[in-house]
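Please keep the sequence and the structure in view while reading.

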There are 2 protein chains.
Amino acid sequence: MKQFLEITEEGEVKRLIGDLSAELAKKITAGAGVGGGNVGAGGGKGEKVRTEEALGRTVVGDIFSPLDIPPFDRATMDGYAVLAADTFYADESKPATLVVRGYLKAGEFPSASQYGGVEEGSCVGIATGAPIPRGANAVVKVENAFEFEKSKKVRIYKPVAPAENIMPAGSDIKRGEKVVKKGRLLTPRETGVLAACGVREVLVRKKPRVAVISTGNELVAPGEALSLAPGKIYDVNAQTLCDSARENGCAPFSLGIARDEEGEISAKIRESLAKGAEVVILSGGTSAGVGDVLPAVIEGLGEILVHGVDIKPGKPFVLGVIQGKPVFGLPGNPTSALITFHLFVAPLLRAISGEGSEGRGGSEGRERRKRVKAKAGVRIFSEPGRNEYVLVNLARAESESEEEQEEHFLAYPFLSGSGAISTLAKADGFVFVEKGKEIVEEGERVEVVFI
Amino acid sequence: MKQFLEITEEGEVKRLIGDLSAELAKKITAGAGVGGGNVGAGGGKGEKVRTEEALGRTVVGDIFSPLDIPPFDRATMDGYAVLAADTFYADESKPATLVVRGYLKAGEFPSASQYGGVEEGSCVGIATGAPIPRGANAVVKVENAFEFEKSKKVRIYKPVAPAENIMPAGSDIKRGEKVVKKGRLLTPRETGVLAACGVREVLVRKKPRVAVISTGNELVAPGEALSLAPGKIYDVNAQTLCDSARENGCAPFSLGIARDEEGEISAKIRESLAKGAEVVILSGGTSAGVGDVLPAVIEGLGEILVHGVDIKPGKPFVLGVIQGKPVFGLPGNPTSALITFHLFVAPLLRAISGEGSEGRGGSEGRERRKRVKAKAGVRIFSEPGRNEYVLVNLARAESESEEEQEEHFLAYPFLSGSGAISTLAKADGFVFVEKGKEIVEEGERVEVVFI
């Protein structure tokens with residue numbers, strides 16, 4: 001075990017995690033067996049789900065339409081299916097007269113025997129969406145026609161060009177055309193396209209399994225004990241980290257609480273990997289205090305990549321790799337755990353779950369945290385010599401001018417320690433204060449990142 | 001049945017739906033029996049879920065902490081629990097010397113017999129998070145102390161004030177304090193606070209049930225037939241509308257396809273309400289064409305509020321109320337159905353599901369569609385005399401200057417009809433072109449709303 005903390009710079013940690021993410025995401029995609037056929041079996045990371053249940057999932061391979069859309073030449077207007085040439089030169093004063101051979105509603109299909117097709121001098125009444133009967137090559141809108149002789153005949157008052165008001169088979173989507181790209185996050189629009197193509201099942205990425213372990217002798221799982229024994233507190237991080245993993249497209253499972261003791265922590269990590277965890281997230285047990293055993297455990301089972309980052313909170317952050325899987329050690333206090341999760345763990349989870357990578361929904365919806373420009377409401381003090389993420393509350397301020405609309409927020413720092421649970425509930429976001437800057441003056445511009 | 005369309009203005013429809021939403025939301029909240037006690041039974045709209053499964057749900061009532069947090073006076077530093085007065089005037093040259101009575105780790109609790117409390121001249125070694133032993137009123141940091149005589153004694157080099165490095169019981173959250181407000185959407189932060197308080201179950205709003213019915217003789221459910229009979233097409237709207245309802249916090253169920261025929265549509269609507277639907281969404285069957293039967297059905301069962309809106313697409317939009325439940329009739333073509341859903345149905349669903357109403361996650365995350373400023377990439381033509389939502393694709397353009405960063409997008413309209421499925425897949429968003437404006441010139445500024 002290392003006897004000292006080698007503090008790594010934040011940017012360096014992020015680069016490292018970026019590389020790790022890319023590598024893992026590639027491995028997982030490869031494991032998904034795109035085009036391999038034996039999906040779902042063995043170590044494959046893809047799973048088939050019904051299209052009805054595919055919303056929000058990420059498709060593993062390109063999806064192609066098995067049919068033409070529309071599947072037949074289709075009327076786009078209510079009216080009469082005609083031979084265009086029969087209507088040429090027709091106008092209000094000299095309408096063309098055609099025999100009405102019958103009517104086609106949407107959903108019906110003209111059999112040859114039924115209509116014999118449309119021939120010179122004849123037509124078929126047709127509804128929007130109905131298939132164009134044989135012989136016809138255009139549709140006259142109902143407004144430009146008038147039926148007479150008990151609807152046996154119709155007068156056409158306006159000429160149509162060939163193909164007018166017809167959507168040809170396959171003109172929207174061709175059979176074999178790619179309709180959903182590999183890596184796409186499925187929104188209602190994509191699932192709608194799949195429905196249109198009659199695709200009933202989709203191969204999507206399995207949600208990566210993420211193990212969550214809390215460490216600390218003082219912790220009790222809220223679900224475990226109805227009341228707290230003296231000296232104990234309820235564990236918060238299993239809940240927040242599982243829920244945060246869920247929000248980033250993963251399937252978390254909690255292994256409960258390990259006492260601050262090498263054997264127990266080591267057993268829980270091995271259990272996590274045996275249960276198929278792609279990522280293990282621990283919290284607590286990483287400070288330099290009495291219970292500092294996690295780094296030793298990681299060194300015993302694998303390799304430590306980062307032990308300590310030059311930010312506050314997050315100095316005790318640990319990142320290791322065991323059996324090829326990233327193992328994160330986050331600070332024990334809930335707000336610090338959540339901030340370091342969002343800085344370092346969330347980008348990796350999004351990369352391997354496919355959320356925020358290639359899909360439209362992802363890149364727009366989840367990749368970047370929301371930010372807002374604000375002014376410091378009071379002086380904000382930052383710890384000397386540390387990059388600090390200062391938790392703040394936002395208050396709406398009156399704009400001084402019309403143009404300053406984006407700056408109508410004031411940011412107030414939390415004075416209570418980061419260990420406070422109420423901070424977790426009440427903070428709106430954080431302001432980054434760079435190393436070397438110890439004071440943000442009242443009224444200075446800051447950017448608040450929402451948590 | 002009305003023989004003509006009474007076109008209503010878009011703003012008027014939105015106001016009407018706003019009122020309807022507020023009324024329904026109130027009814028649902030009242031039905032949830034806040035504080036009533038008989039939750040879950042009968043017509044109540046609340047349901048109890050375990051905190052582990054509560055992410056993303058909306059709480060029905062205020063939640064109060066059943067305990068003090070921290071539950072005991074807690075050390076916030078590793079060090080020594082002392083009587084502050086024992087350390088006054090101590091410094092490097094004249095340290096105070098105290099007897100070490102033992103050590104307390106986090107999770108341990110000092111019994112009176114074990115330590116007898118801290119008295120004048122004595123102290124207890126203490127870890128962060130451990131409870132302060134009786135008698136002690138401050139914690140000296142470990143850096144300011146030095147043990148000697150085989151750790152039986154310790155020298156203190158810096159004075160501490162009473163209460164220093166102690167977080168008093170209940171100072172973070174008081175027993176009985178409100179920790180989560182009624183109507184709040186639960187994010188990992190709120191679920192974390194609930195965990196901290198040992199809250200194992202939460203009363204959340206039931207997801208409103210939304211019935212989805214597609215109408216049209218040409219439609220076949222994708223899950224129903226492996227191949228299409230001649231003249232048929234797969235139904236798209238059941239999929240997109242169910243998924244869109246899901247995205248807006250509701251629990252949709254599809255009743256399949258009704259033929260364009262009063263009896264069938266009426267039966268499906270009655271079935272929806274019997275199954276507990278709070279909202280019924282139909283699509284298709286609302287145009288003035290062959291199959292215009294939905295308005296007649298609604299008039300038969302209840303009351304029509306809107307029949308036709310002065311926008312394109314959406315002219316055939318219908319809104320009625322049957323047995324107090326809103327019934328929407330959307331256009332049959334998928335893109336028009338989706339646009340009118342987002343304009344008129346989504347706000348109502350969010351209001352009754354609680355997403356985007358009061359909760360932080362809601363108001364920030366889901367309430368407003370994303371917008372981007374762009375310039376028209378080519379001339380955009382709009383239908384004369386109609387407010388039109390023109391579907392567009394966005395392309396990134398090179399900025400001409402640094403200040404114009406927000407305008408580096410060009411919007412290109414779709415030339416294919418709104419009936420095209422590929423439009424559904426490929427459009428990025430829409431541009432609103434007001435009535436009276438028939439042409440948006442190339443280069444003109446437009447706002448694109450993402451779909």
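**Confidence**

This is a predicted model, in which local features need pLDDT of at least 70 and side-chain atom pairs count only at pLDDT 80 or more, while totals for chains, interfaces and linings use all residues. Residues are numbered from 1 along each chain as its sequence is written, and chains are lettered from A and ligands numbered from 1 in the order in which they are written.

The model scores ipTM 0.79 and pTM 0.80. Within chain A, confidence is highest in strand E9 (residues 153–156), at a mean of 97, and lowest in helix H8 (residues 360–365), at 37; helices (H or I, at least four residues) and strands (E, at least two) are DSSP runs, numbered from the N terminus. Residues 286–291 of chain A stay under 50 in pLDDT, and the model has 18 contacts for them beyond four places in sequence, where two residues are in contact if their C-beta atoms, placed from the backbone, lie within 7 Å. The pLDDT is also below 50 over residues 357–367 of chain A, a stretch with 29 contacts in the model beyond near neighbours in sequence.

**Domains of chain A**

The domain assignment, whose bounds come from an automatic or database source, gives domain 1 (10–32 + 206–363), domain 2 (54–65 + 174–205), domain 3 (74–167) and domain 4 (371–450) in chain A. Taken over C-alpha atoms, the centres of domain 1 and domain 2 of chain A are 32 Å apart.

**Where the chains meet**

The contact between the chains takes 64 residues from chain A and 64 residues from chain B. On the side of chain B that touches chain A, helix H3 (188–196), strand E15 (233–234), helix H4 (237–247) and helix H9 (421–426) of chain B each supply at least two residues, and H3(B) gives the most, with eight residues.

The table sets out two helix pairs; axes are lines fitted to C-alpha atoms, for helices over the stretch in contact, and angles run from 0 to 180 degrees between N-to-C directions.

| Helix pair | Axes | Angle |
|---|---|---|
| H4(A) and H7(A) | within 10 Å | roughly 25 degrees |
| H4(A) and H3(B) | 8 Å apart | about 160 degrees |

Because angles under 35 degrees count as roughly parallel and those over 145 as roughly antiparallel, H4(A) is roughly parallel to H7(A), whereas H4(A) is roughly antiparallel to H3(B).

Among the residues that make the contact within chain A are Leu241(A) of H4(A) and Phe341(A) of H7(A). Between the chains, Gln239(A), Thr240(A), Asp243(A), Ser244(A) and Glu247(A) in H4(A) meet Pro188(B), Arg189(B), Thr191(B), Gly192(B) and Ala195(B) in H3(B).

**Backbone details**

In chain B, a cis peptide bond joins Ile69(B) and Pro70(B), with omega about -10 degrees, and Pro70(B) is in the loop between strand E2 (63–64) and strand E3 (74–75). A cis peptide bond also joins Lys312(B) and Pro313(B), with omega about -5 degrees. In chain A, Ser151(A) has a positive phi of about 65 degrees although it is not a glycine, and Ser151(A) is found in the loop between strand E8 (145–148) and E9.

How values were computed: pLDDT = per-residue confidence, 0-100. Parallel < 35°, antiparallel > 145°, perpendicular 65-115°, else oblique.
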